Amino acid sequence: MYDSGLSLYKTRKWLLENGYVYRPTGLFISRGHLYALLRNPLYKGYIPFNGEEFKGKHEAIVSPELFDRVQARLIREREHEHQYLFDGVMKCEYCGRYITMELHKEKYIYYHCNNPQCKQKTIFTLEEYFVKQFLRAMKRIKIQPFQFKMFMKKAEDELYKVKFIAADTQEKLVIEQQTLKVNLDKMYEDKLKGVISEEFYVRKQAEFQQRLEEIETELDDAGNTTSGKGEDVLPILNMINNIGYYFETGGFHVQKALARLVFERVMLRGKTLRFKYALPFRYFVDNAEEYVTLEPTSSIK
Ligand SMILES: [Zn+2]
């Protein structure tokens, strides 16, 4: 199935749907397991030993040709799928080009400047080395106590304004509601007296009724905006304070997203990164110059 052009994901789905999966633990085969299965040379009649393959005595389940074709596609797709953590984030400080990434021996990721004219074109650095520098740069983001107080104060002020506006809106809505009710009663009397037609009454009554329902909803909304507190900003402030922690404990996608969110630009000089923090994070880095350089030997944690 995989050879017919389906993705690993779809092949897995097909196997499940057609009852080919017989793992004793249940009806589950992971994408990773399928990958390992497709990679196993046992199925073309070979036995892997010490990194080499020997022709086995057992019968091949698939032809060596099919097996090799599948291998080629797996490798191709894996390379295509492979994502680099800081792809499109770093620029070479000397020539200004984006840093290029390369996968070596299918597991080591090297970053380097690919510009043949660049003077740091021969410097290759492992991705892991940069992960540490990014982590240190993120851990420097800390909301200072005076900033904390300032934000809380601002939040309270804003909330006061919102409450004031909401109260004003509520008052207007209540007046409109009462006026509509009075008019509805008056219209009903007019209809009884024959001052207005039955048709006119029915049409107007429906209009008023609809507006009354809208007012009910708007009053609910206005009521809800007044229930907030200044402490509502605390989770946001805590989130900013914990950016480094999120980067340290997050998975690939979290790290990738944070690297793009927190920095406006990252320049590479030799093996050292120079960080320009994006707003608002720049406010929370103590003594931040335009670019912050963290020397590899520095003790800043
Ligand atoms: Zn360069």
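Reply: Happy to! This is a predicted model, with a mean pLDDT of 81 for the chain and 74% of its residues at 70 or more. Among the elements, strand 3 (residues 90-92) has the highest mean pLDDT, 96, while helix 2 (residues 31-39) has the lowest, 60. Where pLDDT is low, the predicted coordinates should not be read in detail.

Now to helix 9, which spans residues 252-262 and has Gln255, Ala259 and Val262 as its buried residues. These lie on the same side of helix 9, because they cover an arc of only 90 degrees around the axis. An α-helix has 3.6 residues a turn, so residues three or four places apart point the same way. On the face turned away from that buried side, you will find the exposed residues His253 and Leu261.

What do the buried residues of helix 9 pack against? Their partners are helix 4 (127-139), helix 8 (243-249), strand 7 (263-269) and strand 8 (272-277).

Let's follow the two strands. Strand 7 pairs with strand 8 in the antiparallel sense, over six bridges, and Arg265 stands opposite Lys276 in strand 8. Their hairpin has two residues between the strands, and Gly270 takes a positive phi there, near 65 degrees. Strand 7 also pairs with strand 3, in the parallel sense and over three bridges; here Lys91 stands opposite Met267.

One last stop is the loop between strand 8 and strand 9 (292-293), where Pro280 lies. A cis peptide bond joins Leu279 and Pro280, with omega about 5 degrees. For background, most peptide bonds are trans.

Key
Residues are numbered from 1 along each chain as its sequence is written. This is a predicted model: local features need pLDDT of at least 70, side-chain atom pairs count only at pLDDT 80 or more; totals for chains, interfaces and linings use all residues. pLDDT is the predictor's confidence in each residue, from 0 to 100. Helices (H or I, at least four residues) and strands (E, at least two) are DSSP runs, numbered from the N terminus. A residue is buried if 20 or more other C-beta atoms lie within 10 Å of its own, exposed if 12 or fewer, and partly exposed in between; C-beta atoms are placed from the backbone. The arc is that of the directions from the helix axis to the C-beta atoms. Two residues are in contact if their C-beta atoms, placed from the backbone, lie within 7 Å. Two strands pair if DSSP finds at least two bridges between them.
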